[in-house]
Amino acid sequence: MLKKTLVWLVLFLPLVVGTSVFAGTTLTFQSYSNPNEQVAQFIQKVLVPEFNKKYPDVEVNYVYIPFAEYMSTILQQAVSNTLPDLVYLDNPWVPQLIEADIFQNIKEQVMQDLGNDFWMDFFSGHRLLTSTDEGIYALQIHTNNLAIFYRENMLQKVGVDQPPRTWAEFAEVCKKIKENLGIYGIIFYAGADEAGTWQFEPFLWSNGGSLLELDQKEAIEALEFVTGLVKEGYAPRDVVNLKDQGDETIWFMNAQVAMMVNGNWEFGWHLLPDVLEKMGDVKVAPFPVPDAGMRSAVLPFGGECTGITTADAEKVKYSWELIRIWFKEKLDEYYANWTGHIPTLASYSTKIAAMKPEFEVFIKQAEFALPRPPMGGMGKYPDVSTELALALQKALTGSQSPEEAFQGAARNIKALFPGQEYEETKNFVRQTLMEVLERAKEK
Amino acid sequence: MKISRTSLLFFLIPSLVLVIFFGIYPIVYNVFLSFKDVNLISYIRGTARSVGIANYSDILVNATFWKALTNTAVFTLVSIFLQMVVGFLLALLFDREFPLKGLFQALVMIPWVMPIMVSGSFFRWFLSDNGFLNNFLTALGWIKEPVMWITTERMAIYSLTTVNVWLGIPFNFILLYTGMQQIPGELYESAAIDGAKGWQRVLYITLPVLKPVIITTFVLGCILTFKVFDLVWIVTKGGPGGASHLLSTFSYSLAFDRFQFGKSTAVLVLMQIIVIVFIGFSNRMKWEER
């Protein structure tokens, strides 16, 4: 009998002890940043240790879900009530997830711990995206936008000392590169997905075109320009089948193209210091504009947000503490050392621009960057974006003329909005676009 | 020993649980969703409205759906036909002894053992305008301009079908080859004594005896090819311009590019109906065969 009891004790003791040792709270921080990437490293090596100084009994579990599965995972978690406590996610998803009630309202915490001045320091697009009239549901950690990466030596070889500033100059430089160096002038991404739309939006918006009025002259002109780049052989037709935007950098690094449309994150991804040193001549120029009188192109902004997805009061407290530490105590360190992205707050932008000259172009452009979902009908944006990306591919492959492709897309987009909603959304988008365009044209 | 009916039912429970939860439940739930206006927000909030057959009527007037349906038919039938022909010829070849037979047999199996992510990524590069195939043909002087294998709406689906033929040959080969191994050698010996030539032996012995295996290979091949998703998604994502969508990729795109889960499940239900009709038809063929 004693022997039996001993066996049971030996079997169960570790379980009992184990449970009591790990009885503290566990917080789950879910992200699509690969554990070896900078953001994930920052969370694990800086943020969590700092948090644990105050709350040593709270374990923070970093969970990585690949980007391709991220949204479907969140969806499954939301319907099965198994959401993590804190999420890191792409900004265009935020408005829909706010509407789906998955985030906690953190307005009170933001105002109390960070203050209204801090909140107002966020560029307006980031505030528009992460808040509603009722509250604040997420904070945008960092942002990014698109510019032209170019190989200075290649441009100099064809007699170009300054990177192109306007569309006309851009096409001219591409032509010189094609004729003299026998390679493509430019590569951009035109896959049938959101990234395809994202890379076309700077052309569209800078020319005064709207996602909700693709059949208008300004939008068609933008598509004609981009289509022309492929038609003239300045860009490869393979742009429609690239795996992702990182694929462009492979072409760029292999000297198959002299310029590429890409974002500042590349400095933290493929174009790391050792690669840049080896290439020796990589420079960044602002996104080209259709009109020489413009100060900057009007572009979409990218970047990630973080929000609290647990309803448990204690976990909300701990989750907010992590966010607070990130934004209140560690933001300087994060922007300076741990990211290839740029700040979402005006005051930090100036500091980082001085510290990291390679980001200067992107930081200047951030002032003219727009959030994507509000510019495409908020909840309808994924549909609008897909319609545009498909039309772009039809025009690029020559199966339809730019005019036909955008007229078809415009019809489909209009059909997505019931009744008066289309007119209202169209007017809002037009007004927002015009405001930024006016600023971009101011001397 | 006689086992009671209750005990038999008890032993059936694990399989029944699996079939109910992982087979029947998802199908029924899909059908249920296909009659609702499910998008990202309504799905999470549980507020999706019933819309009757609206998802189906929307899908049936969608030009991309018909394109995807046609593509799926072309992709499946052409793939299966060519895979079976090549698989059968290879099985005939390997049904005799020759030097290094084992090595060649292993080489034939390569497409099957290679992860689809690897072969898909390879073919995206291989078939691109600046890829290996075009460079090779240009170097030979056979073409002056790159052929747009996967960058035009007209060509993309045929290029993908060709890749799928390559991927599916080992499956057809192995089933047909195994079937051929079961044919008694005496049949061929008798035929040889009667003076049957090589092609006559194939036509009058191999093919008739192998018929049940051929039908099974055809049915399995059709079902597996009908639901191909990964190859197309990796190489073209259904593009350019939605021209190479199969029903599977079209449904996925509706769900995860546009978050239109109701319409996406309607496409899946239509796919299920097609498969059920096909299986019913093939079962009848097998029944008549018996």
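1. In which sense, antiparallel or parallel, do strand β5 (residues 146–151) of chain A and β8(A) pair, and over how many bridges? In this predicted model, the two strands run in the antiparallel sense and are joined over four bridges. One place to look for the pairing is Tyr150(A), whose bridge partner in β8(A) is Lys283(A).

2. Turning to the helices, the axis of helix α10 (residues 194–206) of chain A and that of helix α19 (residues 381–396) of chain A come within 8 Å and cross at roughly 75 degrees. Because angles of 65 to 115 degrees count as roughly perpendicular, α10(A) and α19(A) are described as roughly perpendicular to each other. On the side of α10(A), the contact is made by Glu194(A), Gly196(A), Thr197(A) and Phe200(A), and these meet Ser385(A), Leu388(A), Ala389(A) and Leu392(A) of α19(A). Sorted by class, the residues of this contact are four nonpolar, three polar and one charged.

3. On the scale of the whole chain, the domain assignment divides chain A into domain 1 (25–143 + 302–369) and domain 2 (146–300 + 377–441), so that each domain is written as two stretches of the sequence. The C-alpha centres of domain 1 of chain A and domain 2 of chain A lie 28 Å apart.

4. Where the two domains of chain A meet, 18 residues of domain 1 are in contact with 25 residues of domain 2. On the domain 1 side, α4 (94–99) and α17 (360–366) of chain A each supply at least two of the touching residues, and the largest share, four residues, comes from α17(A). By class, this side of domain 1 has eight nonpolar, seven polar and three charged residues.

5. Finally, there is the meeting of the two chains, in which 25 residues of chain B are in contact with 27 residues of chain A. On the side of chain B that touches chain A, helix α2 (residues 40–45) of chain B gives the largest share, five residues. The residues of that side of chain B divide into nine nonpolar, nine polar and seven charged.

Notes. Residues numbered from 1 in each chain as written. Chains lettered and ligands numbered in written order. Predicted model: local features only at pLDDT ≥ 70, side-chain atom pairs only at ≥ 80, totals over all residues. Contact = placed C-beta atoms within 7 Å. Nonpolar A, V, L, I, M, F, W, Y, C, P; charged D, E, K, R; others polar. Axes fitted to C-alpha atoms, helices over the stretch in contact; angles between N-to-C directions. Parallel < 35°, antiparallel > 145°, perpendicular 65-115°, else oblique. Pairing = 2+ DSSP bridges.
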